Amino acid sequence: MKKTYVIDTNVLIQSPYAIEHFEDNDLVIPLVVVEELDALKKADGEKGANARQAVRLLESYRNILGRVENGRILPLVYKKCRPNAQFDDDIGFLPGSEQEKIAPLMRPVIDNLEQILDSDESERYKNEMMLTDKIDEIFERGIIQTEALNFIRGRSIAKTYLIIDEAQNMTPNQVKGIITRAGKGTKIILLGDPNQIDKPFLDEKTNGLSYAAKYMKGSPYCYQITLSAEECERSELAMDAVKRL
């Protein structure tokens, strides 16, 4: 059965020839992908080389393919596609409920809860079952709830402390979407480090955390706290790695 595939930028900068391997299926390349490839053409190393090759391939197809209209072959043009209605990246097709799918992402939160609930490092793991039961109770009673952000658009979240961890990996559009979901009595806490960004198209200035800090500065509803390196040190090794790497 003929299918339609939508290619994103990450695929093409990893394998620019991927567009030649979809046989008789339809292939859609959104305009934003072409724009991102164009911006990456001057990048150093393999990423830049693959972006340039992908652009050359797309141009060659655009020039040699087309449709017949009034006896003329019109060149193909890149068409803008409507974006996915989901607010964030899809949480995937693994079996299980939403909570089961995002459970692996909650490991850092659980690590911190373990330290908060039992601050004595020498005694913390002598009874791991009891510690695990305490943490499970917090989630079972709904004191802490976890949710994927895929379908947050349109919601109004009231009387909630909404904590967004790793906010430096969000886009400005995503962080705006979250802040504007706040209902009465809700406080939103954005946590993150602009020096630890994992998304390829974000940097220290364009990420959602920096964007919110810049444009919400001066608002009577916004308070910003910046911790020094000494205040948020995991260990001497971690701090040394941050400086060196």
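Q: What should I know about the model and the numbering before I go on?

A: This is a predicted model, in which local features need pLDDT of at least 70 and side-chain atom pairs count only at pLDDT 80 or more, while totals for chains, interfaces and linings use all residues. Residues are numbered from 1 along each chain as its sequence is written, and side-chain values use heavy atoms, with hydrogens and water left out.

Q: How many helices and strands does the protein chain have?

A: Helices (H or I, at least four residues) and strands (E, at least two) are DSSP runs, numbered from the N terminus. The protein chain has 9 helices and 6 strands.

Q: Is the crossing of α5 and α6 left-handed or right-handed, and which residues of α5 and α6 meet?

A: A crossing is left-handed if the near helix is turned anticlockwise from the far one by less than a right angle, and right-handed if clockwise; that of α5 and α6 is right-handed. Contact means heavy atoms within 4.5 Å, and on the α5 side Ile110, Leu113, Glu114 and Leu117 meet Leu131, Lys134, Ile135, Ile138 and Phe139 of α6. Sorted by class, the residues of this contact are 7 nonpolar, no polar and 2 charged, where Ala, Val, Leu, Ile, Met, Phe, Trp, Tyr, Cys and Pro count as nonpolar, Asp, Glu, Lys and Arg as charged, and the others, Gly among them, as polar.

Q: At what angle do the axes of α7 and α8 cross, and which residues make the contact?

A: Helix α7 (residues 172-179) and helix α8 (residues 208-215) have axes that come within 8 Å and cross at roughly 60°, which makes α7 oblique to α8. The crossing in which α7 passes α8 is right-handed, and the contact is made by Pro172, Val175 and Ile179 of α7 with Gly208, Tyr211 and Ala212 of α8. The residues of this contact divide into 5 nonpolar, 1 polar and no charged.

Q: Which residues of α7 are buried, and what covers them?

A: Buried means under 20% relative accessible area, exposed over 50%, and partly exposed in between (1.4 Å probe, protein chains only). In α7 the buried residues are Gln174, Val175, Gly177 and Ile178. Because they cover an arc of only 160° around the axis, they lie on the same side of α7, the arc being that of the directions from the helix axis to the C-beta atoms. What covers them includes β5 (161-164), β6 (187-190) and α8. For the protein chain of 245 residues, 24% count as buried.

Q: Where is Asn10, and which residues does it touch?

A: Asn10 lies in helix α1 (residues 9-14) and counts as partly exposed at 35% relative accessibility. Leaving aside residues up to four places away in sequence, Asn10 touches Pro200 and Phe201. The C-alpha atoms of Asn10 and Ala51, 41 residues apart along the chain, are separated by 9.8 Å.

Q: Is Tyr221 exposed or buried, and where is its place?

A: Tyr221 is in the loop between α8 and α9 (236-244) and counts as exposed at 76% relative accessibility. Its C-alpha atom is separated by 9.5 Å from that of Lys187, 34 residues apart along the chain.

Key: Axes fitted to C-alpha atoms, helices over the stretch in contact; angles between N-to-C directions. Parallel < 35°, antiparallel > 145°, perpendicular 65-115°, else oblique.
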